[in-house]
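Colleague: I have a model open and would like to learn how to read it. Could you take me through it feature by feature?

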Amino acid sequence: MRRDIHPAYGPVVYQDRSTGQAFLTRSTATSADTIDWEDGKTYPLIRVDITAYSHPFWTGAQRVLDSAGQVEKFRRRYGGRSRA
């Protein structure tokens with residue numbers, strides 16, 4: 001295996017933008033932002049839009065799509081198929 005070709009792999013804190021929840025993990029991602037963690041150490045902070053704390057699948061707040069309503073809306077807007 002060649003040396004010095006892989007990025008540094010270390011502890012990083014990911015924070016959900018919508019909920020503010022954060023978790024510590026390891027990653028090759030880096031950031032100039034830092035956070036003081038519960039263990040008293042400072043880690044790079046990466047803010048993300050969606051995590052398991054806010055994703056609809058994991059929170060149980062899934063939206064039900066009204067496909068029948070969408071079809072009717074399309075038919076009202078563009079009409080039925082015309083035969084020539």
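Modeller: We go through confidence, fold, strand pairing, rings, salt bridges and surface.

Modeller: First, the ground rules. This is a predicted model, where local features need pLDDT of at least 70, side-chain atom pairs count only at pLDDT 80 or more, and totals for chains, interfaces and linings use all residues. Residues are numbered from 1 along each chain as its sequence is written, and side-chain values use heavy atoms, with hydrogens and water left out.

Colleague: What is the mean pLDDT of the protein?

Modeller: The general idea: pLDDT is the predictor's confidence in each residue, from 0 to 100. Here the mean is 84, and 79% of the residues reach 70 or more.

Colleague: Which element has the lowest mean pLDDT?

Modeller: Helix 1 (residues 56-59), with a mean of 65. Strand 3 (residues 34-36) has the highest, 96. Where pLDDT is low, the predicted coordinates should not be read in detail.

Colleague: How many helices and strands does the protein have?

Modeller: Elements are DSSP runs: helices are H or I of at least four residues, strands are E of at least two, both numbered from the N terminus. This protein has two helices and four strands. Along the sequence the pattern reads β-β-β-β-α-α.

Colleague: In which sense do strand 1 and strand 2 pair?

Modeller: Two strands pair if DSSP finds at least two bridges between them. Strand 1 (residues 10-16) and strand 2 (residues 22-27) pair in the antiparallel sense, over six bridges. Gly10 has Ser27 in strand 2 as its bridge partner. The two strands form a hairpin with five residues between them. Gly20, in that turn, has a positive phi of about 85°.

Colleague: Where does strand 4 come in?

Modeller: Strand 4 pairs with strand 1 in the parallel sense, over four bridges. There Tyr14 has Ile46 in strand 4 as its bridge partner. Strand 4 also pairs with strand 3, in the antiparallel sense, over three bridges. Ile35 stands opposite Tyr43 in strand 4. The hairpin of strand 3 and strand 4 has five residues between the strands, and Gly40 takes a positive phi near 90°.

Colleague: How many aromatic pairs does a search of the whole structure find?

Modeller: Rings of Phe, Tyr and Trp (its six-membered ring) pair if their centres lie within 6.5 Å; planes under 30 degrees apart count as stacked, over 60 as edge-to-face and the rest as tilted. The search finds three pairs. Take Tyr14 and Phe23: the ring centres are 5.9 Å apart and the planes at 20°, so this pair is stacked. Phe23 and Tyr53 have centres 6.4 Å apart and planes at 55°, so that pair is tilted. Phe23 lies in strand 2 and Tyr53 in the loop between strand 4 (42-48) and helix 1, so the pair ties together parts 30 residues apart in sequence. Ring pairs link Tyr14, Phe23 and Tyr53 into a cluster.

Colleague: Is Tyr14 buried or exposed?

Modeller: Buried means under 20% relative accessible area, exposed over 50%, partly exposed in between (1.4 Å probe, protein chains only). Tyr14 is at 17%, so it counts as buried. Phe23 is partly exposed at 31%, and Tyr53 is partly exposed at 39%.

Colleague: How many salt bridges does the search find?

Modeller: A salt bridge is a side-chain nitrogen of Lys or Arg within 4 Å of a carboxyl oxygen of Asp or Glu. The whole structure has three. Asp49 forms one with Arg17, with the closest N and O atoms 3.2 Å apart. This pair links distant parts of the chain: Asp49 is in the loop between strand 4 and helix 1, Arg17 in the loop between strand 1 and strand 2, 32 residues apart. Both Asp49 and Arg17 are exposed.

Colleague: And the others?

Modeller: Asp33 bridges to Arg47, with the closest N and O atoms 3.1 Å apart. Asp33 is in the loop between strand 2 and strand 3, and Arg47 is in strand 4, 14 residues apart. Glu72 forms a salt bridge with Arg75, at 3.7 Å between the closest N and O atoms. Glu72 and Arg75 are three residues apart in helix 2 (residues 67-78), so about one helical turn separates them.

Colleague: What share of the 84 residues counts as buried?

Modeller: The share is 14%.
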